[in-house]
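Work through the exercises below with the sequence and the structure side by side, and try each task before reading its solution.

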Amino acid sequence: MDMVQQEVNNLYKERFGQMVASVLSMSKDIDPETAEDIVQDSFAAALVSWRTNGIPENKSGWIYTVCRNKALNLLKKEKRIRPLTENIGTLTENPNAVEVENGFSESILDDRQLKLLFACAHPDLAPKTQVVITLKYVINLKVEAIAKSLGMTIDGVDKLLVRARQKIRDEKIILEEPAADALKSRLPSVHKVIYLIFNEGYKSSAGNEFLREELCEEALLTNKYLLESSLGNSDTMALQALMLFNSARFKSRFGSEGELVNLEEQDRRLWNEELISLGDYFFKKSQSGPVSSYHIEASIAYLHCTAKNFQSTDWPMIAGLYERLLQTNKNPFVELNHAIALYYAGQKQKGFDILHSLEAHPFLGRYFLLNAALGKFHQLEGRDDLARKYLQTALSQTGFEKEKTFIQKMMKD
């Protein structure tokens, strides 16, 4: 692969979704499929031009400008052009100019990524649709990663995206930053997306370490910008605390070969005390408002961070918090964690009952961590045949070597 191809590939991975969102924000007459085609064509143009004229100093600015010009040409060709200057900002005809900005009006938001998140949280779209299109077009996650983050099947995500594209096209929904007085109503959706971006980085064991940390840092920085704006509230602070508590334990979650490490085997000396202290600061500040799911999850993370060792962890309290979380945020991942906490809290049969009930879930039933948990707990109870059965199933449910190594180590123990 030559240098130009590598540069284009890297930029494609980093910016494709943001560029699609930028094109969508230009006009209500551009639908998601058309926007994707425009961006694809622009990357193809870069491949040809850069091999002839050299790689420009500002690569992303070059492609943003080409995207803008292609969009304008399409609108003119179809005689559907409308005044775009209010939406596209200051864009230059020179592909080598400095990086263009998304066309947003005067805003209380300074961060470009944050503007895109609010733009995709459109009230005419269902909350789950808002989250999916944001993860797809702004964060540029693959459908497989979106499905894993939301506990959906790949087919379910594909169908939701098809319906979303159709709705945006039919109703001519334009994904642009709303007026200042409408931003607060979109805040819960933005919190949800930031939360999922972090989780994708924190919980993923398939990607490389750099990508995992990059996603976590991106979520933390985006939420920090939200806190620095006038929009941040107690939920924003609780979310920041949660992400900081989890970030503090990041280095201990993977071994020297990049394999997953069980919580009880993690070296707690690697936990970052400064991040834990900072998380504690935001957690205390967040308690001025009503309790949300982020407050509950931050409480769970705090209990883990402050336990001297695995054995002294307050599992009954953690199990109770998960039970409370299920009342406000019922989803299969919370049920899985609740069952694990119950087992360690001494309510083993109740934990097993929940885990076995999750085997019927369309996503969790095929999720390697569910079967890994069942395998481990049967192993701890001395039921070696059942343990091997579940661990073998878990092994067959992942194609990633690091996850396979994690399961194989459990089989040897």
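Of the 413 residues in the protein chain, 54% are buried, where buried means under 20% relative accessible area, exposed over 50% and partly exposed in between, with a 1.4 Å probe and protein chains only. The model is a predicted one, in which local features need pLDDT of at least 70 and side-chain atom pairs count only at pLDDT 80 or more, while totals for chains, interfaces and linings use all residues. Residues are numbered from 1 along each chain as its sequence is written, and side-chain values use heavy atoms, with hydrogens and water left out.

**Exercise 1.** State how many helices and strands the protein chain has.

*Solution.* Begin with the definition: helices (H or I, at least four residues) and strands (E, at least two) are DSSP runs, numbered from the N terminus. Counting such runs in the protein chain gives 19 helices and 0 strands.

**Exercise 2.** Classify the ring pair formed by Phe352 and Phe377, and locate both residues.

*Solution.* First, recall that a pair of aromatic rings is described by the distance of the centres and the angle of the planes. Rings of Phe, Tyr and Trp (its six-membered ring) pair if their centres lie within 6.5 Å, and planes under 30 degrees apart count as stacked, over 60 as edge-to-face and the rest as tilted. Next, apply this: the ring centres of Phe352 and Phe377 are 6.4 Å apart and the planes stand at 85 degrees, so the pair is edge-to-face. Then locate the residues: Phe352 belongs to helix H16 (residues 348-357) and Phe377 to helix H17 (residues 368-380), so that the pair links parts of the chain 25 residues apart.

**Exercise 3.** Decide whether Leu125 is buried or exposed, and describe its surroundings.

*Solution.* Start with the position of Leu125, which is in the loop between helix H5 (112-120) and helix H6 (127-137). The relative accessibility of Leu125 is 3%, and therefore Leu125 counts as buried. Now turn to contacts, which mean heavy atoms within 4.5 Å. Setting aside neighbours within four places in sequence, Leu125 is in contact with several residues, among them Cys120, Gln130, Ile133 and Lys167.
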